[in-house]
Amino acid sequence: MPGRPEPSRFPAPAPDTGAGGILRRYAGLPWPTRLFLFLRWTWTPYLEMASLLPMKGRILDGGSGHGLFSLALAVQSKRRRVEGLEHSPARVAMARKAAAGLPNVGFKEADFRNFSPGLYDGIAFVDVLHYLSYADQEKLLLQAFRRLRPGGTLIFRDVDRRPGLSSLWNRLHEAVMTRLGFTRAGGLHFRPAEGWARLAEKSGYQVSSKPTGRFPFADVLFYCEKPTFKAGRGI
């Protein structure tokens, strides 16, 4: 069925490569921020997600926030060159401080749609696409497709807008966080899992997906490969 990716294409996670100790890098922050980061780390399989991206080359973390995922990527493999894009100056400052001593990761204060020049080996958008309009979501995935090397990987995680308590809780949580100013968005635009998959396929990716998030959240992780041959809209 169109929009339902083949689960068999989803690669097995790589073994844990020793990316521990990341939370300790934020030890000097106020306790509410450290609690927030602890909960984010607990509820998000950052290391598993990081293992799905290439172990070497140029990696973009779009919407990097406080830098948790960027640091997981950088510590997991020294052969990666990780670039985090984040709109909040305060979060960029925290991420840069936490990244002290890691030469293969950097953070830039910018909208996560403002890619640096050149091609990437991997791109990630973790829990950020729903902040864009439906039209801008489509534009961004196509832009990412064009900026990936052939055979490159995009991963993104977002909320499955399906009926049910988990999905409702997830959407309410995002609405509250946006209203309180923890996140910046002109609106929230969710899709069902099949809709997110169709969006990626429309841009030319080969797509696999699986639920990834602990109760009560309804998050789905999408693994998207850019074919090495010319196919799809984006080439």
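Visitor: What's the strand order in the open sheet?
Guide: Seven strands run β3-β2-β1-β4-β5-β7-β6, with mixed pairing. Strands here are DSSP E runs of at least two residues, helices H or I runs of at least four, both numbered from the N terminus; strands pair if DSSP finds at least two bridges between them. This is a predicted model, where local features need pLDDT of at least 70 and side-chain atom pairs 80 or more, while totals for chains, interfaces and linings use all residues. Residues count from 1 along each chain as its sequence is written, and side-chain values use heavy atoms, without hydrogens and water.

Visitor: Which strands stand at the edges?
Guide: β3 (105–109) and β6 (206–211); each has a single partner strand, so one side of each lacks a neighbour in the sheet.

Visitor: And is β6 parallel or antiparallel to β7?
Guide: Antiparallel, with six bridges joining β6 to β7 (219–225). Q206 sits opposite E225 in β7.

Visitor: Switching to rings: how many aromatic pairs are there?
Guide: A search of the whole structure gives eight (Phe, Tyr or six-membered Trp rings with centres within 6.5 Å; planes under 30 degrees apart are stacked, over 60 edge-to-face, the rest tilted). One of them, F156 with F222, is stacked, at 4.7 Å centre to centre and 15° between planes. F156 is in β5 and F222 in β7, so the pair ties together parts 66 residues apart in sequence.

Visitor: Are F156 and F222 buried or exposed?
Guide: Both are buried, meaning under 20% relative accessible area with a 1.4 Å probe, protein chains only; exposed is over 50%, partly exposed in between.
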